[in-house]
Amino acid sequence: MKIYIDGKYYDEKDAKISVFDHGLLYGDGIFEGIRIYNGKIFKIAEHVRRLFDSAKGIYLDIGMAPEAMEKALLETNALNQKKNGYIRLVVTRGDGLLGIDPFKCPKAKVFIIVGDINLYPQEYYSKGIAVVISSYRRIPADCFDVRIKSLNYLNNVLAKMEAHRAGCLESIMLDQQGRVAECTGDNIFIVKNGIIATPPSHHGALEGITRGEVLALASTMGIPAQEKTLMRFDLYSADECFLTGTAAEIMPVTMIDGNPINDAKPGKITARLMQAFRELIR
Ligand code: PMP
């Protein structure tokens, strides 16, 4: 494995960053999780665009242009020769002092890891998963806008642990007003009366690349889809429910807080979208 750090390549055992890196000390940084399908980087331009938007959101000068970032991703991918894999692209504020001050960090640090994808077991895609609604609310946008894909994931980590305590793999997070936002590492969709709905990102959801793909697929397939405010009741009374994310792709949800969705079976529209997505990545 060859890991990119600031323009140079290192073997895994030599790929190290400083304990003074503010990404580590303060979670001061941003990242992307990207898939490699058939040796190709999926939606590279979209991921690079989101990364640079996140950088703007935290006043971070990445120190390289988007074109150079794409080139670094392509080069790191070519060096590692993974047919199917996962890329973790991270940009931190860089090395600084033992104080929060980002202005004492002269240069951002960029690293790229090309690794294996940790997939959900295949059976979940045919059976669906059970999820719970988390008691941890999404951080409101006036505290921190979660459309910034930052290294601050503790809110999500706590909600994920809550899911595990309930015997589930994922949990759904609501915002301060009880509106559905997203899951800890995935976006959420419901289907009701043949219409697909997902919360608008300003209700505390990342603008997922997979979410965008699903909305585009729905449009080409002639399935009506909308961004819509969703409450707990909309989840419980949904005809179908599914999650989307780079790692999960499209995952059916068949139980929410113990309430079966579609008699605890993946729904028809979910299955059609899963099939269309599989064709897209092939
Ligand atoms: N929400 C959160 C909190 C995420 O971390 C992710 C990415 N894992 C997503 C949604 C899904 O986004 P994408 O489809 O771009 O992977």
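This short talk covers the ligand and the pocket around it.

First, the ground rules. The model is predicted; local features need pLDDT of at least 70, side-chain atom pairs count only at pLDDT 80 or more, and totals for chains, interfaces and linings use all residues. Residues are numbered from 1 along each chain as its sequence is written, and side-chain values use heavy atoms, with hydrogens and water left out.

Now polar contacts, meaning pairs of N or O atoms within 3.5 Å. A ligand nitrogen is 2.6 Å from a side-chain N or O atom of Glu182. On the oxygen side, a polar backbone atom of Ile209 is 2.7 Å from a ligand oxygen. Thr210 places a polar side-chain atom 2.6 Å from a ligand oxygen. How much of the ligand is buried by the protein? Of the 390 Å² it exposes alone, 92%, by Shrake-Rupley with a 1.4 Å probe.

Where does the ligand sit? In the largest pocket, with more than half of its atoms within 2 Å of the grid points. A pocket here is an open set of points on a 1 Å grid over the protein atoms alone, where a 1.4 Å probe fits, with protein on both sides within 12 Å along at least five of seven lines. Lining residues have an atom within 4 Å of a point.

There are 36 lining residues; Tyr86, Arg88, Gly185, Asp186 and Ala247 lie nearest the centre.

Technical notes
A polar contact is a pair of N or O atoms within 3.5 Å; within protein, one must be able to donate a hydrogen and the other to accept it, and residues adjacent in sequence count only if both atoms are side-chain atoms.
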